[in-house]
Amino acid sequence: MRRIALRTLPVLFIAAVALASAQDQSFVDAEGRSVTLQPGHPSLKPWLLPADIPAPEGNRITPERVALGEMLFFDARLSVHGQTSCASCHAPERGWGDGFPGSMRFMGERMARNSPTVVNVAFNSLHMWDGRNRTLEQQAVGSQSMTGSLNAGARELGIVDGNLGIERIRRIAGYAEAFGKAYPGEPIDKNTVGKAIATFERSLVSRDTPFDRWARGDATAMTPAQVNGLRVFLDPAKGNCSGCHAAPTFTDNGFHNVGLRQWGEANADVGRFKERALPLMKGAFRTPPLREVAHSAPYFHDGSVARLADVIEHYVRGGDVRTNLSPNMKPLALSEGEKADLLAFLQALSTPYVPYEVPRLPR
Ligand code: HEC
Ligand code: HEC
């Protein structure tokens with residue numbers, strides 16, 4: 001008995017210290033929830049993505065649909081000119097973006113907006129920087145598709161029934177077979193093309209980042225610096241980031257003007273205001289999700305910032321142009337150490353790049 005008691009003492013002592021430090025790590029985050037920064041703590045549950053990938057009633061996810069959508073996503077024959085595929089601007093090796101500040105289009109013409117990642121789009125309730133598309137089906141074959149931008153101008157590569165792209169796909173035997181398996185009894189048209197591509201996009205899920213593993217209980221998944229960076233991210237008195245980059249997707253699916261330099265220029269992109277003419281929406285863009293963000297530089301809707309460290313500096317300054325600035329944007333009092341830790345945390349939201357095996361296209 002005595003021997004056991006003697007052994008128990010230090011254990012009790014350690015437990016008491018752990019409890020004290022757990023209390024020390026508890027605070028109310030920018031979303032108003034009490035959180036405790038301990039690996040696997042129940043208060044971190046809201047950050048874990050749901051087990052099921054959301055998909056609409058009429059387009060459930062099946063392996064055949066994912067496989068078909070993947071081929072279409074990488075197939076330039078679908079575009080009117082036969083030169084551009086979705087992957088030209090959403091390339092796996094560039095974080096499913098294209099790495100350009102403004103996306104490149106057919107013949108190298110520059111687009112006004114940065115090509116966003118398509119990872120985890122299944123969990124977003126609105127799409128595009130201005131939220132103009134409600135469903136991925138609609139986005140994939142919308143009139144501006146294969147140009148992707150509102151500012152696309154005349155040279156449209158859109159997927160329209162009766163256009164060259166869909167006609168080309170229809171004549172390919174391998175596609176007839178793949179459509180037959182994925183959407184039996186349905187024709188090969190704009191509708192099924194959109195459904196297949198949307199299903200493929202829904203399959204691009206990131207939910208196993210170092211942060212996710214830490215939140216599920218793996219204490220070794222994040223470094224102490226990254227854990228402190230998470231604290232800065234969540235704490236309204238520090239970074240206040242989760243006020244907009246909210247759980248579990250790191251977006252509130254809302255629109256905010258974060259005071260980019262571009263907003264101060266003549267003829268600046270008005271963003272959401274074009275969709276909803278509310279004063280608050282002037283120069284406001286959709287909060288982007290942040291998983292895998294380390295791979296998808298450059299940043300912001302205009303791709304104006306090249307490095308994540310400079311994104312952090314932008315927030316520390318409280319933005320550059322203050323007209324119509326979101327009330328949630330305030331200069332931040334962060335030490336050099338806290339900035340470094342916040343950067344380390346943003347990196348903990350990404351997984352190492354694994355070369356993507358591009359599908360074999362049907363003939
Ligand atoms: C020429 C470059 C280009 C091509 C080709 C292209 N996109 Fe895009 N994509 C963009 C740009 C730029 C945006 C952002 C436009 C905006 O918000 O105004 C975008 C936005 C998106 C979004 C919204 C992402 C989000 O987070 O809201 C999805 C989904 C998407 N594209 C899928 C596709 C699919 C599917 C195809 C092929 C059918 C495609 N894209 C072809 C450049 C491109
Ligand atoms: C007021 C809401 C708000 C707050 C607070 C906020 N963000 Fe953002 N964040 C946004 C919006 C909106 C964008 C896109 C703005 C644009 O492109 O015009 C964005 C963009 C980003 C991007 C670029 C992502 C990409 O794919 O281009 C990163 C990284 C980012 N924020 C990190 C942070 C960090 C870190 C903090 C805390 C220091 C933070 N944000 C605080 C709303 C916010």
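Me: Which residues in α11 meet A225, Q226, N228, G229, L230, V232 and F233 in α9?

Reply: This is a predicted model, where local features need pLDDT of at least 70 and side-chain atom pairs pLDDT 80 or more, whereas totals for chains, interfaces and linings use all residues. Residues are numbered from 1 along each chain as its sequence is written, chains are lettered from A and ligands numbered from 1 in the order in which they are written, and side-chain values use heavy atoms, without hydrogens and water. Contact stands for heavy atoms within 4.5 Å, and on the α11 side the residues that meet those of α9 are E338, D341, L342, A344, F345 and L346.

Me: Which elements are included in what covers the buried residues of α9?

Reply: Buried means under 20% relative accessible area, exposed over 50% and partly exposed in between, with a 1.4 Å probe and protein chains only. In α9, which spans residues 224-234, the buried residues are Q226, V227, G229, L230, V232, F233 and L234. Their cover includes the strands β1 (26-28) and β2 (34-36) together with the helices α8 (210-216) and α11 (336-347).

Me: Which residues touch the most other members of the largest nonpolar core?

Reply: A nonpolar core is a set of buried Ala, Val, Leu, Ile, Met, Phe, Trp, Tyr and Cys residues joined through side-chain atoms within 4.5 Å. The largest one holds 38 residues, and the elements that give two or more residues to this core are α8, α9, α10 (308-316) and α11, with α9 supplying the largest share, five residues. The members that touch the most others are F211 and F233.

Me: At what angle do helix α2 and helix α7 pack?

Reply: Helix α2 covers residues 63-73 and helix α7 covers residues 190-202, and their axes are 7 Å apart. On the α2 side the contact is made by R65, V66, L68, G69, E70, L72 and F73, and on the α7 side by V193, A196, I197, T199, F200 and E201. The two helices pack at an angle of about 100 degrees.

Me: How many of the residues of α2 are buried?

Reply: The buried residues of α2 are R65, V66, L68, G69, E70, M71, L72 and F73, and what covers them includes α3, α5 (164-170), α6 (173-182) and α7. Helix α2 is largely enclosed by the rest of the structure, because the buried residues number eight of the eleven.

Me: Which protein residue is the single donor to the iron atom of ligand 1?

Reply: Donors are N, O and S atoms within 2.8 Å of the metal (3.2 Å for Na, K and Ca), and water is not among the atoms, so sites may look incomplete. The donor from the protein is an NE2 atom 2.1 Å away from the iron, and its residue lies in the loop between α3 (86-89) and α4 (136-141). That residue is H90.

Me: Is N267 exposed or buried?

Reply: Most residues other than glycine have a negative phi. N267, in the loop between β3 and β4, has a positive phi of about 55 degrees although it is not a glycine. At 81% relative accessibility, N267 counts as exposed.

Me: What is omega for the cis peptide bond that joins A247 and P248?

Reply: P248 lies in the loop between α9 and β3 (255-256). Another cis peptide bond runs from A297 to P298, with omega near -5 degrees, and P298 is in the loop between β4 (285-286) and α10. For the bond that joins A247 and P248, omega is about -10 degrees.

Me: How many helices and strands does the protein have?

Reply: Helices (H or I, at least four residues) and strands (E, at least two) are DSSP runs, numbered from the N terminus. Across the 363 residues of the protein, buried residues make up 51%. The protein has eleven helices and four strands.

Notes:
Axes are lines fitted to C-alpha atoms, for helices over the stretch in contact, and angles run from 0 to 180 degrees between N-to-C directions.
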